[in-house]
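Hi,

Here is the structure I promised to pass on to you. Have a look at it first, and then read my notes below with the picture open beside them.

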Amino acid sequence: VCGKPVQNVVVQVKPPANAKVTDTSAGAKRVDSVYLWEMGTLDPKQSKPLKLTLTPTARGDLGCQAWVTCTGTAATTVAVKEPKLEVIVHAPKTVVAGETVQVTYTIQNVGDGPAEMVRHSCGEQYGKAAPAGTVMPVVAYLAPPENAPAVDVLKPGQKTTVTAEYKAGTTDTLTFLAAAAMPDGTSAIGSTKVRVIEPKLTATVVGPAKAMVNRKATFAIKVQNSGELEVADVTVRPELP
């Protein structure tokens, strides 16, 4: 009669002493002087009839006792959610050597749970000329999370943005990094690369290896812009021996 299923339903009947059981519904078991039916699960408002046929063996009242036992169930649903961090770094694809490059670091909670105490840090990883003249990447700055500023809570879909400016050197590529982390170990890292370009001129002189005294000798001077930027006001000044 309740609104939820009941399980392990067992019906027991103790017939009166002054009667004999002559018929029962299917599935009945007899334990000592008690008949029982194991009915399993009953859905809400479901009913199942049982029959017990008695034949009196003596005069008097027939008192037939029946009782039922069952196991009730209860359930609840808990929504499990978790935060998830994403770090996106935005910067121009190229920058001229010596100029200032503006970098935007965006930390966003792309999960479905709130992200608490998010610490973030940012910096640059750049190419540094080694003594031999080769270019190798080294980490210039990436603050550890414990020293970085903290955001109290980032709700699902919420983001925070940090903008920083750096001066581009004469290296080939700058890699800008950003990291975000929470106390439970949830973390994310983002990066982007910026190519540093600069004007570059080359000059070559081609002429005869030998020349006669007081005779004309013609030399060709070739000037080329081998960089990625336009070069204006170029002056060619040959130095005579």
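The second largest pocket holds about 260 Å³ of space. Keep in mind as you read that this is a predicted model.

Which residues line this second largest pocket? They are A203, V205, F219, I221, V223, T235, V236, R237, P238, E239, L240 and P241. Sorted by class, that lining comes out as 9 nonpolar, 1 polar and 2 charged residues. Two strands, strand 16 (201-206) and strand 17 (220-225), each give at least two residues to the lining.

L201, V205, F219, I221, V223, V234 and V236 make a nonpolar surface patch of about 610 Å², and strand 16 and strand 17 each contribute at least two residues to the nonpolar patch.

Now for the largest pocket, which has a volume of about 310 Å³. How many residues line the largest pocket? There are 18, and V1, V6, V9, L42 and Q46 are the ones nearest its centre. By class, the lining of the largest pocket has 11 nonpolar, 3 polar and 4 charged residues. At least two lining residues come from each of strand 1 (6-14), strand 4 (34-42) and strand 6 (65-72).

Finally, a bit about backbone angles. Most residues other than glycine have a negative phi. Here are two residues with a positive one:

- K45 has a phi near 70 degrees. You'll find K45 in the loop between strand 4 and strand 5 (52-56). Is K45 buried or exposed? K45 is exposed, because its relative accessible area is 64%.
- D233 has a phi near 55 degrees. Look for D233 in the segment after strand 17. With a relative accessible area of 78%, D233 is exposed too.

Then move over to strand 1, strand 4 and strand 6 for the lining of the largest pocket.

Cheers

How values were computed
Residues numbered from 1 in each chain as written. Predicted model: local features only at pLDDT ≥ 70, side-chain atom pairs only at ≥ 80, totals over all residues. Heavy atoms only, no water. 1 Å grid on protein atoms, 1.4 Å probe; cavity = no way out; pocket = protein on both sides within 12 Å on 5 of 7 lines; lining within 4 Å. Points joined across faces, edges and corners; volume = space filled by probe spheres on them. Helix = DSSP H or I, 4+ residues; strand = E, 2+ residues; numbered from the N terminus. Nonpolar A, V, L, I, M, F, W, Y, C, P; charged D, E, K, R; others polar. Patch = residues over 30% accessible without salt bridge, like charges linked within 9 Å, V, L, I, M, F, W, Y side chains within 5 Å. Areas by Shrake-Rupley, 256 points an atom, 1.4 Å probe, with all protein chains shown as cover. Salt bridge = Lys/Arg side-chain N within 4 Å of Asp/Glu carboxyl O. Buried < 20%, exposed > 50% of the residue type's maximum accessible area, 1.4 Å probe, protein only.
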